[in-house]
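Biologist: I would like to learn how to read strands and sheets in a model. Could you walk me through them?

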Amino acid sequence: MSTTHTASCQCGNVAIEAEGTIEGALACNCSMCARRASLLWFVPRASVRFKTPESAAGTYLFNKHVIKHRFCPACGIHVFGEGTDPKGNAVAAVNLRCVENIDLAALPVQHFDGKAI
């Protein structure tokens, strides 16, 4: 069953809604994800809508510059990232630590070796 989930940064300047079912999380050990301790939920990019002006979100690119890491310039919290999957589909990686009213401890976590990429 698909649900609309709200995610935001600490100060609320960057907020999104994401439509879908959260069945688990991905923990990546790349230098970016490891430092911010993200737990990621992947959804089609079209399933994510800004609740605040998109211009409020900063964008950071690193490494191969293929993922737009979207964050709040005021409080520094990473809310989600944008990129494409291996088939070329636009996807968003929502930081589950920013999603309201979910039990992170109840979610299965898949570990991904991003360091190896």
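**Reading the strands**

Modeller: Happy to! Keep in mind that this is a predicted model. Let's begin with strand β8.

Biologist: How many residues of strand β8 are buried?

Modeller: Buried means under 20% relative accessible area. In β8, residues 78-84, six of the seven residues are buried, so the strand is largely enclosed by the rest of the structure.

Biologist: What should I know about side chains along a strand?

Modeller: In a regular strand they alternate between the two faces of the sheet. Now look at the partners of β8. Strand β7 (residues 68-71) pairs with β8 in the antiparallel sense over four bridges, and F71 stands opposite H78. Strand β9 (residues 90-95) also runs antiparallel to β8, joined by five bridges; there, F80 stands opposite V94.

Biologist: Which residues take a positive phi in the two hairpins?

Modeller: In the hairpin of β7 and β8, with six residues between the strands, G76 has a positive phi near 85°. In the hairpin of β8 and β9, with five residues between the strands, the residue is G88, with a phi near 90°.

Biologist: In what order do the strands of the open sheet lie?

Modeller: The order is β1-β2-β5, with antiparallel pairing. β1 (3-8) and β5 (48-50) are at the edges with a single partner strand each, so one side of each has no neighbour in the sheet. From one strand to the next, the twist averages 25°.

Biologist: How many bridges pair β1 with β2?

Modeller: Six, linking β1 to β2 (residues 15-20) in the antiparallel sense.

Terms used:
Residues are numbered from 1 along each chain as its sequence is written. This is a predicted model: local features need pLDDT of at least 70, side-chain atom pairs count only at pLDDT 80 or more; totals for chains, interfaces and linings use all residues. Side-chain values use heavy atoms; hydrogens and water are left out. Buried means under 20% relative accessible area, exposed over 50%, partly exposed in between (1.4 Å probe, protein chains only). Two strands pair if DSSP finds at least two bridges between them. Axes are lines fitted to C-alpha atoms, for helices over the stretch in contact, and angles run from 0 to 180 degrees between N-to-C directions.
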